[in-house]
Amino acid sequence: MTTHDIVGKLWNLCNVLKDDGVTYHQYVTELTYLLFLKMAEETGQQDQLPYGYRWDNLEAQSAPDRLEFYKVLLIHLGGHGSQLVKEIFANASSFIKKPATLSTLVSEIDKIDWYNARREGLGDLYEGLLEKNANEKKSGAGQYFTPRVLIDCMVAVMRPSLDDVIQDPAAGTGGFLIAAHHYLKAHNDFDALTEARQRKLRRNTFYGMEHVQDTHRLALMNLMLHGIDSDPEAGGIHYGDTLSPEGQALPRATLILTNPPFGTKKGGGLPSRDDFTYPTSNKQFAFLQHIYRGLKPGGRAAVVLPDNVLFESNVGADIRRDLMDKCNLHTILRLPTGIFYAQGVKTNVLFFTRGHSEKGNTKEVWVYDLRANMPQFGKRTSLTREHFAEFIDFYGPDPWGDNGSHRHSRAGGNPELARLRPYTREQIAARGDSLDISWLKDDSAEASADLPEPAVLAQAAMDELEGALEELRGILAELGEEVEDAQL
């Protein structure tokens, strides 16, 4: 049984929960609790769990009593066991209402060929589930799931090394950190590393922060199954808000890979941390400040950001100028539309290197347009590694983006038709420090011209969600009153 087969089998179990009113995202969270218990048994790590609250204890319960025991187990593990166990089960509760539903899940999970699952890679299995969840639009998970092919492209050109301290301040389920770990494993013999090197790799290489608790527990599970120490005392992904003082505690990095959230901070308030030169309620601009301030001199970053970061005036222009002063903003990759969960989202990847001085670090910005005249990506047309092949070749072997001669040699031919073009710092200043640069005639532009900007889409989605939640609260309150009246 391959990883693909096991992922399909586990995903199909969500059908068992549909009649129990469980959503796709809730299902993945629920499955995470059960898989952690089962995988701890399979990998010999049951000592992380307190005695009496393990997979075999859950399995030993009679079918009618299993659900009540499971609910007690979840609460108990939130405060007992290893630090990792307490983080994964923090404030855990079950969405399952019927004892038969839980018994079916336990039985089906137990039937899986875990020997082959371990051989195929438990981390890849779990990541497959997360990707399934993100691709299921009803789950809403796609809003924080960066396409794997884009992550792999960003990692490939940034070339992580064993000396790096790697950070994702908007970690989601840990995709960027996992991809960086995969890259290191493919280019190094981990078994041949000295003990000190192995300890540094496990405990002092990968750092992140995620502010949604359910997503945080998925990220911890993901890191653990990929062999990355996710104990909060050993780096890993912390539960917290990067735009609060908690974010200031993240160690300075030599490599930051991230796709931060966009939109306006809820309520329109400013970030609660006080170390930003340019306070703003705009999340993407606040995260951008965290990123370039959080790099060590010579550190590099690859960051997914929406179009408005490139052109917004006032504080936006101030932050762009500060970025280009403090860092060498050497590359902008204009991404195709439609590769994220909302068709109108227009995004870019900014690649920059922190300078050793505070001024004048950006001399020339290369813009690579992968948006104009590209297909509409979706279920029929998938974004693949081949779509990035020319960009990766153009980027070249230097992860700091300093290889100007390589880039100029790749920019031959007709410059009016080429997808890449350099702009000097003086040319950008003449544009009012706007980086929203395009020159190719886009035959598909008219079809998408009226689409709203990302921040507008994000705010509309949040407003719609909050309205639905408020309506649901009202229904639940009415039901509660009816039950109370009936009891009286």
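Which residues lie nearest the centre of the second largest pocket?

What you have before you is a predicted model, in which local features need pLDDT of at least 70 and side-chain atom pairs count only at pLDDT 80 or more, while totals for chains, interfaces and linings use all residues. Residues are numbered from 1 along each chain as its sequence is written, and side-chain values use heavy atoms, with hydrogens and water left out.

Now to the opening question. His181, Lys185, Leu225, His226 and Gly227 lie nearest the centre of the second largest pocket, among the 20 residues that line it. A pocket here is found on a 1 Å grid over the protein atoms alone, as an open set of points where a 1.4 Å probe fits, with protein on both sides within 12 Å along at least five of seven lines; a lining residue has an atom within 4 Å of a point. The volume of this pocket is about 470 Å³, taken as the space filled by probe spheres set on the points, which are joined across faces, edges and corners. Helices H8 (114-120), H9, H11, H12 and H13 (213-225) each give two or more residues to the lining. Helices in this account are DSSP runs of H or I with at least four residues, strands are runs of E with at least two, and both are numbered from the N terminus. By class, the lining holds seven nonpolar, seven polar and six charged residues. In that count Ala, Val, Leu, Ile, Met, Phe, Trp, Tyr, Cys and Pro are nonpolar, Asp, Glu, Lys and Arg are charged, and the others, Gly among them, are polar.

His181 belongs to helix H11. With a relative accessibility of 6%, His181 counts as buried, the term for under 20% relative accessible area; exposed means over 50%, and partly exposed lies in between (1.4 Å probe, protein chains only). Beyond its neighbours within four places in sequence, His181 is in contact, meaning heavy atoms within 4.5 Å, with Phe190, Phe206, His226, Gly227 and Ile228. Gln198, in helix H12 (residues 195-203), is partly exposed at 25% relative accessible area. Residues up to four places away aside, Gln198 touches Phe190, Asp191 and Leu193.

Let me turn to the chain as a whole. It has 22 helices and nine strands, and 53% of its 488 residues count as buried. Of the contacts with a separation of 6 or more, 75% are between residues 24 or more positions apart.

Next, the interior. In soluble globular proteins, nonpolar side chains tend to be buried together. The largest nonpolar core has 53 residues, and those with the most contacts inside it are Leu10, Tyr27, Leu35, Phe36, Phe89, Ile109 and Trp114. Such a core is a set of buried Ala, Val, Leu, Ile, Met, Phe, Trp, Tyr and Cys residues joined through side-chain atoms within 4.5 Å. Helix H3 (residues 24-42) gives the most to this core, with 11 residues. Apart from this core lies another, of 49 residues, including Val149, Leu162, Ala180 and Val304.

How many residues of helix H10 are buried? Of the 11 residues of H10 (residues 148-158), 10 are buried, so this helix is largely enclosed by the rest of the structure. Its cover includes helices H9 (122-135), H11 (175-187) and H18 (389-395), together with strands E4 (253-258), E5 (295-306) and E7 (347-354). Just after H10, Arg159 takes a positive phi of about 45°.

That brings me to the backbone. Most residues other than glycine have a negative phi, and most peptide bonds are trans. Asn314 has a positive phi, near 55°; this residue sits in the loop between helix H16 (308-311) and helix H17 (315-326) and counts as exposed at 64% relative accessibility. For Asn373, phi is also positive and near 55°. Asn373 is placed in the loop between strand E8 (364-369) and H18, and is partly exposed, with a relative accessible area of 37%.

Finally, Pro245 is found in helix H14 (residues 245-248) and is partly exposed at 48% relative accessible area. Pro245 and Arg273 are 28 residues apart along the chain, yet their C-alpha atoms are separated by 4.7 Å. Beyond four places in sequence, Pro245 is in contact with Ser272 and Arg273.
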